[in-house]
Amino acid sequence: MNALVLNGSPVRSGATAWIAEETALHLQTRYSVRSACIDDYRIGFCRGCRACERTARCVQHDGMDELMAQLTWADVLVIVSPSYWADIPGQLKAFIDRCTPWCDTHQPHASLPGGKRGYTVALRAGSGMGECRRIIETIEHFYGHMHIACSGSLGLCAVGSRDAAMVRREEIDRFCSEI
Ligand SMILES: Cc1cc2nc3c(=O)[nH]c(=O)nc-3n(C[C@H](O)[C@H](O)[C@H](O)COP(=O)(O)O)c2cc1C
């Protein structure tokens with residue numbers, strides 16, 4: 001089984017990156033794992049032209065093609081996202097918007113191979129789980145329309161730095177053992 005761990009933050013050495021690294025390490029014992037950072041890919045904004053609602057294809061060709069190839073490969077997807085203004089980072093939102101050719105709300109639409117499972121980790125610097133829940137909802141909404149089964153989530157408050165993430169290792173490992 002293949003697992004893709006996606007760092008949804010543009011920061012490659014921050015708290016999100018550490019959680020993604022820990023997740024990948026944990027999964028390596030049971031899965032063939034690939035890791036990616038959303039900032040590895042140059043993904044243009046959706047232009048809202050809606051051509052994909054007629055053609056099931058996007059008019060733009062950029063880093064999206066490469067990231068979708070990774071998603072196609074993965075049986076399991078783990079998206080780790082920090083809170084940026086109480087929501088997912090813009091780079092991750094741009095990716096989700098560009099998945100509209102695969103969205104099941106219009107016909108024809110493109111399809112990923114079936115049977116995929118999606119997991120979410122949301123983290124934030126502040127306290128209060130509501131903000132983590134909002135991020136998890138956004139990502140699970142995306143999974144739903146992509147026919148990726150929502151299979152588990154973890155919210156982590158008070159994680160404003162890599163060091164603050166590292167002390168949560170036990171919680172993260174416990175979550176990973178359910179994947
Ligand atoms: C632009 C920006 C906006 C942020 N907004 C919030 C926020 O609304 N609520 C919160 O709790 N933390 C917020 N944070 C803090 C991050 O969620 C937190 O520091 C996280 O650990 C960042 O992970 P990263 O360095 O891996 O991107 C924000 C950070 C940035 C850079």
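**Surface.** I looked up Trp85 and found it in the loop between β3 (76-82) and α4 (90-98), where helices (H or I, at least four residues) and strands (E, at least two) are DSSP runs numbered from the N terminus. Trp85 is exposed, at 86% relative accessible area; the scale calls a residue buried under 20%, exposed over 50% and partly exposed in between, with a 1.4 Å probe and protein chains only.

**Ground rules.** I noted that the model is predicted, that local features need pLDDT of at least 70 and side-chain atom pairs pLDDT 80 or more, while totals for chains, interfaces and linings use all residues. Residues are numbered from 1 along each chain as its sequence is written, and side-chain values use heavy atoms, with hydrogens and water left out.

Which residues have the most contacts inside the largest nonpolar core? I found Met68, Leu71, Ile79, Leu92, Phe95, Phe142 and Met146, in a core of 30 residues; such a core is a set of buried Ala, Val, Leu, Ile, Met, Phe, Trp, Tyr and Cys residues joined through side-chain atoms within 4.5 Å. Two or more residues come from each of β1 (2-7), α3 (63-73), β3, α4 and α5 (130-145), and α5 gives the most, with six. In soluble globular proteins, nonpolar side chains tend to be buried together.

I then followed Phe95, which, leaving aside neighbours within four places in sequence, is in contact (heavy atoms within 4.5 Å) with Ile38, Ile43, Met64, Leu67, Met68, Leu71 and Phe142. Apart from this core lies another, of 23 residues, which includes Trp18, Val80, Ile172 and Cys176.

**Cysteines.** How many disulfides does a search of the whole structure find? It finds zero, a disulfide being a pair of cysteine sulfur atoms within 2.5 Å. For Cys37, the nearest cysteine sulfur is that of Cys99, 16 Å away, and Cys37 is buried, with a relative accessible area of 6%. Cys176 is buried at 0%, and its sulfur is too far for a bond because the closest cysteine sulfur, in Cys132, is 16 Å away.

Beyond its neighbours within four places in sequence, Cys52 is in contact with Arg57, Thr100, Pro101, His106 and Pro108. Cys52 and Arg98 are 46 residues apart in sequence, yet their C-alpha atoms are 9.8 Å apart in space.
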